[in-house]
Amino acid sequence: MVLLPFLNVENQKAMEGRTPASGFSTIVDQTSSSNQIMWLFSVFGGIIMCKVAYDLTGVISPLVFKGFNKLESVQKFEWKNRGISTFHALFVAVASYYFLVVSNLFDESAQQKFIIYRSSASSNTILAMSLGYFLLDLAMIIWMYPALGGPEYVFHHGISMLGIIQSLICGQAQFYNFIVLFSEITTPFVNLRWYLDVVGKKNSMFYLLNGVALFVGWLAARVILFIFFFHHMFTHLDQVKQTYWTIFCSMLTIPLVLAIMNLFWFWKIAKGLIKTLIKFTRHSHGS
């Protein structure tokens, strides 16, 4: 990895009674040759797994939806691309839940080390694999631009990769990265809505139920969870201030930008759900 952030070489506060090492030596330890090799394999592993998900989606989809082969080539490509994003969303959501809730990696009572500095080989691996997904998906978006998404998707992927890369290189703020990655749990509902629209099930009860699930899931994972994110960051500001200045600036800006985007999309989801509910109400009264 050669994308090192501009280094803050001031010493960090002492932790666990030890003399703090310089910021430069911390990054040198984090970006050792063995770590770089592990990250590289993990990134490629993430890309390969997403490619497998892409191919499996192409194999399974005609068995589930008979009209798949009649779709236009661009629709087939997006259909399989959404299979990748669904797989990645479930993968990182499960992994994030494990690190945030099940394991003691970020349990403040489990160790004295500041939560902002905690990382492990497994957490680094998951972040690198997620980076592989974002790289592959961004390449697909650019290749098919704007069929798979406009500038907001390019921007979203760009700042997501920036946060992951910095966290990997410095070994800091991984707790907050996993909170953001857990919010990807809403992606399967977004993709399912698109699938139902393509197969002509936009007026079905299943479409309505998925819309309700998307609304509730988005509210929980991308609105309320982000409120917790900012509350936790504020109450741990003494630790956050000790991160490298590039990460500190990113933590003040990237989550805020993502939160604004999430609120905008939540407003659109709410409008769509209300429109669908009105349509179903009128249909039921008419029948």
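## Second largest cavity

In this predicted model, the second largest cavity is lined by Gly46, Met49, Phe87, His88, Phe91, Met129 and Tyr133. Two or more of the lining residues come from each of α2 (33-64), α3 and α4. The largest share belongs to α3, which gives 3 residues. The lining holds 5 nonpolar and 2 polar residues and no charged ones. The volume of this cavity is about 30 Å³.

## Largest cavity

The structure has 2 cavities of 30 Å³ or more, and the largest has a volume of about 350 Å³. It is lined by 28 residues, of which Gly163, Asn177, Val180, Ile254 and Leu258 are the closest to its centre.

At least two lining residues come from each of α5, α6, α8 and α10. Helix α10 provides the largest share, 9 residues. By class, the lining of the largest cavity comprises 16 nonpolar, 10 polar and 2 charged residues.

## Helix α6 and its contact with α8

The axes of α6 (residues 174-182) and α8 come within 10 Å of each other and cross at roughly 170 degrees. Because angles over 145 degrees count as roughly antiparallel, α6 is roughly antiparallel to α8. On the α6 side the contact is made by Phe175, Tyr176, Ile179, Val180 and Phe182, and on the α8 side by Leu225, Phe226, Phe228, Phe229, His232 and Met233. These residues divide into 10 nonpolar and 1 polar, with no charged residue.

Helix α6 is mostly covered, with 7 of its 9 residues buried. The buried residues are Gln174, Phe175, Tyr176, Asn177, Phe178, Ile179 and Leu181.

## Largest pocket

The largest pocket has a volume of about 1100 Å³. Its lining consists of 39 residues, and Arg82, Tyr153, Val190, Arg193 and Trp265 lie nearest its centre. The classes in this lining are 16 nonpolar, 11 polar and 12 charged.

Six helices each supply at least two residues of the pocket lining: α3 (73-102), α4 (121-143), α5 (151-170), α7 (187-198), α8 (205-235) and α10 (245-286). Helix α10 gives the most, with 9 residues.

## Serine 250

Serine 250 is located in helix α10. Its relative accessible area is 12%; residues under 20% count as buried, so serine 250 is buried. Leaving aside residues up to four places away in sequence, serine 250 touches Leu162, Gln166 and Pro255.

Methods
Residues are numbered from 1 along each chain as its sequence is written. This is a predicted model: local features need pLDDT of at least 70, side-chain atom pairs count only at pLDDT 80 or more; totals for chains, interfaces and linings use all residues. Side-chain values use heavy atoms; hydrogens and water are left out. On a 1 Å grid over the protein atoms alone, a cavity is a set of points where a 1.4 Å probe fits but cannot get out, and a pocket is an open set with protein on both sides within 12 Å along at least five of seven lines; lining residues have an atom within 4 Å of a point. Grid points are joined across faces, edges and corners, and a volume is the space filled by probe spheres set on the points. Helices (H or I, at least four residues) and strands (E, at least two) are DSSP runs, numbered from the N terminus. Ala, Val, Leu, Ile, Met, Phe, Trp, Tyr, Cys and Pro count as nonpolar, Asp, Glu, Lys and Arg as charged, and the others, Gly among them, as polar. Buried means under 20% relative accessible area, exposed over 50%, partly exposed in between (1.4 Å probe, protein chains only). Contact means heavy atoms within 4.5 Å. Axes are lines fitted to C-alpha atoms, for helices over the stretch in contact, and angles run from 0 to 180 degrees between N-to-C directions. Angles under 35 degrees count as roughly parallel, over 145 as roughly antiparallel, 65 to 115 as roughly perpendicular and the rest as oblique.
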